[in-house]
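Student: I have a protein structure open and would like to learn how to read it. Could we go through it together?

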Amino acid sequence: MHFAIKKHIHWVGKIDWELRHFHGQEYTTHRGSSYNAYLVKDEKTVLIDTVWFPFSHEFVENLKKEIPLDQIDYIIANHAEPDHSGALPELMQCIPDTPIYCTANGAKFLKGHYHQDWNFQVVKTGDKLNIGTRDLIFIEAPMLHWPDSMFCYLTEDNILFSNDGFGQHLASELMYNDLVDQGELFQEAIKYYANILTPFSAQVTRKIKEVVDLNVPVNMICPSHGVIWRKDPMQIVDTYVKWADAYAENQITLIYDTMWESTRKMAETIAKGILSADSSITVKLFNVSTSDKNDVITEIFKSKAVLAGSPTVNKGILSSLAGLFEEVIGLRFKGKKAAAFGSYGWSGESVKVISDKLEQGGFELLNEGLREKWNPNSQAVENCFNFGKSIGETLKS
Ligand code: FEO
């Protein structure tokens with residue numbers, strides 16, 4: 001399936017309906033994804049990005065139906081990650097001398113992946129490539145989300161090709177933001193931001209300011225995953241500005257695992273306590289051993305506070321929660337509060353272990369946490385309720 005975004009700009013990517021895990025098993029893609037590549041025809045013809053390598057052959061064969069490959073004058077590699085560069089080896093076998101425009105890091109990373117000395121043309125922010133009646137202007141976007149990442153802007157049509165930025169793992173044949181379900185679109189967009197871009201929020205803010213300060217019109221934003229932003233395209237830019245600024249909704253999320261239901265009972269009672277203090281707040285509970293990790297991280301991203309619980313096991317915590325912390329610590333959330341809770345039978349270290357991990361992840365502790373021995377009795381249930389109530393009162397907005 002190829003389609004024309006404009007008469008002279010064709011989408012030549014691949015919709016991956018089957019994809020359910022991305023980055024190995026690290027990122028769940030409940031709604032599939034797409035690898036968007038674009039062919040721009042002016043006096044010169046430019047290919048912007050390619051697709052993931054399992055689809056290399058299909059990509060190159062379909063591209064041949066679009067244009068004789070030797071008529072492609074330039075290739076733009078906005079990002080070296082293999083979901084966008086994966087078809088380059090097969091394509092470059094057909095057109096080995098075609099220049100590939102990328103950042104300095106892009107050239108290094110592409111060489112690192114494919115060990116080929118292709119005709120790399122290194123560009124910097126502000127460099128222009130004239131393709132006839134239009135220019136492509138390059139904008140380096142380091143750490144959005146790799147050091148090599150780059151955007152490019154097509155004059156006359158006023159289109160920003162943003163690669164991973166503003167993308168979503170969303171497979172849809174509808175391909176435009178105004179045609180798809182808005183709930184699904186923004187769920188996938190926020191999940192992408194929360195799980196991939198959170199650590200780079202300072203760079204997001206700076207880069208968006210830089211692009212806005214260019215004061216150029218943006219009629220369309222064409223990312224390399226998901227749908228194209230053509231209706232009010234700046235809405236996703238404005239939304240990114242909010243997400244990059246220590247984003248939080250009026251939500252508290254409880255994440256826990258449980259062995260014999262005691263920590264689960266604590267979590268549910270704490271939630272009741274929070275709601276008794278503030279009935280307007282959204283409270284969500286996730287047993288992390290049975291929940292999708294990336295969905296939970298998205299909920300943490302949306303929360304102003306996170307309460308984390310585990311029973312004590314071997315002086316530590318259950319591995320499901322420990323594994324989640326490994327990722328949460330790396331994401332470096334900003335401006336969020338937190339507290340720990342958990343049941344124990346004899347030694348009872350889990351609350352301290354969790355509190356340390358929360359602090360390591362940049363969360364501000366609300367208190368020393370709550371631990372209760374064995375299956376919560378009526379006094380322990382009251383303690384849990386009051387623990388939640390106190391947090392609800394403290395965080396009431
Ligand atoms: Fe979609 Fe960073 O690759």
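Student: Which domains does the domain assignment give?

Tutor: Domain bounds come from an automatic or database domain assignment. Here the assignment gives domain 1 (3-244) and domain 2 (251-396), with C-alpha centres 39 Å apart. Please keep in mind that this is a predicted model, where local features need pLDDT of at least 70 and side-chain atom pairs count only at pLDDT 80 or more, while totals for chains, interfaces and linings use all residues. Residues are numbered from 1 along each chain as its sequence is written, and side-chain values use heavy atoms, with hydrogens and water left out.

Student: How many residues of domain 1 are in contact with domain 2?

Tutor: Contact means heavy atoms within 4.5 Å. By that rule, 13 residues of domain 1 touch 13 residues of domain 2.

Student: What is the area buried between domain 1 and domain 2?

Tutor: Buried area is the accessible area (1.4 Å probe) that two parts lose on being put together, summed over both. In this model the value is about 1200 Å², and carbon and sulfur atoms give 50% of it. Glu26, Asn195 and Pro199 supply 39% of the area that domain 1 buries against domain 2, more than any other three residues.

Student: How many salt bridges are there between domain 1 and domain 2?

Tutor: A salt bridge needs a side-chain nitrogen of Lys or Arg within 4 Å of a carboxyl oxygen of Asp or Glu. The count between these domains is 2. Elsewhere in your view, look for Lys293 and Glu26, whose side chains form a salt bridge (3.2 Å, N to O).
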